[in-house]
Amino acid sequence: MPTVPVVPRSVSRGVVALLLSCALLLTTAACGGGDDAQSVSGAATPSSTSTFEQQKLAKTRFVANAGLAAGATYQWIVKPYRAGKFKKGADGRTFALVKAGLAGAFTYNRLKAAVNNAKGDPLLSKAVAPLSAGIDSLKDLGTKLRKGEAGDADVGAFENIINSVKDAGKSAGAEVVDKVPSTSQLGG
């Protein structure tokens with residue numbers, strides 16, 4: 001008598017879910033009816049509500065990105081620097097410098113994203129616009145930190161930019177709170 005292969009229940013549920021999703025997608029696409037050009041253009045036109053929601057999300061995203069940048073700067077650049085972890089001969093110096101370099105690159109990336117998010121809100125955009133040049137100046141500091149070439153001025157630059165972004169957010173009604181990213185977020 002031939003044996004029937006046993007399929008684990010989780011796999012069979014996944015297959016059923018996939019098939020049902022495909023069937024639902026195909027039926028909704030087929031039932032659209034009418035003029036496709038009209039339905040596409042109607043869907044692409046934003047309403048005043050969506051503009052308001054975009055502005056609200058712009059502030060939320062700005063706060064999230066700026067908070068991650070501030071948390072990374074404080075946790076892996078400012079705090080270790082003040083503790084003397086970057087000095088020659090310090091215990092764990094190499095690891096601290098690598099983390100600081102990653103945090104520097106992460107901070108620059110999140111600050112650029114925060115400035116981009118701020119463009120969705122007129123008040124926030126005006127408050128953050130003067131900080132773009134300062135944020136751009138941070139671009140190569142991550143590498144400088146990783147190589148152990150950063151000094152007081154470099155660490156101070158990170159701290160000053162973060163404080164300026166926090167102040168700009170606060171003045172626009174988007175208060176930024178430090179949020180320390182995980183180590184995996186720094187590397188990813």
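**Reading the terms against the values**

Reply: Leu 68 is placed in helix H3, where a helix is a DSSP run of H or I with at least four residues, a strand is a run of E with at least two, and both are numbered from the N terminus. The model is a predicted one, in which local features need pLDDT of at least 70, side-chain atom pairs count only at pLDDT 80 or more, and totals for chains, interfaces and linings use all residues. Residues are numbered from 1 along each chain as its sequence is written, and side-chain values use heavy atoms, with hydrogens and water left out.

Me: Why is Leu 68 called buried?

Reply: Buried means under 20% relative accessible area, exposed means over 50%, and partly exposed lies in between, with a 1.4 Å probe and protein chains only. Leu 68 has a relative accessible area of 13% and is therefore buried.

Me: What does Leu 68 touch, leaving out residues up to four places away in sequence?

Reply: Contact means heavy atoms within 4.5 Å. By that criterion Leu 68 touches Phe 106, Arg 110, Lys 179, Pro 181 and Gln 185.

Me: What makes Val 180 partly exposed?

Reply: The relative accessibility of Val 180 is 43%, so Val 180 counts as partly exposed. Val 180 belongs to the loop between H8 and helix H9 (183-187). Beyond its neighbours up to four places away, Val 180 touches Gly 71, Gln 75 and Trp 76.

Me: Is Asn 163 buried, exposed or partly exposed, and how do you know?

Reply: Asn 163, with a relative accessible area of 36%, is therefore partly exposed. This residue lies in helix H8. Its C-alpha atom is separated by 8.2 Å from that of Ala 70, which is 93 residues away along the chain.

Me: Why are H4 and H8 called roughly parallel?

Reply: Two packed helices are described by the angle between their axes and the distance between the axes. Axes are lines fitted to C-alpha atoms, for helices over the stretch in contact, and angles run from 0 to 180 degrees between N-to-C directions. Helix H4 (residues 93-118) and helix H8 (residues 152-171) pack at about 25 degrees, with axes 12 Å apart. Angles under 35 degrees count as roughly parallel, over 145 as roughly antiparallel, 65 to 115 as roughly perpendicular and the rest as oblique. H4 and H8 are therefore roughly parallel to each other.

Me: What makes Thr 73 buried?

Reply: The relative accessible area of Thr 73 is 2%, so Thr 73 is buried. Thr 73 lies in helix H3 (residues 48-82). Apart from neighbours within four places in sequence, Thr 73 is in contact with Val 78, Thr 107, Phe 158, Glu 159 and Ile 162.

Me: How many of the 188 residues, as a percentage, count as buried?

Reply: Of the 188 residues of the chain, 31% count as buried. The chain has nine helices and zero strands.
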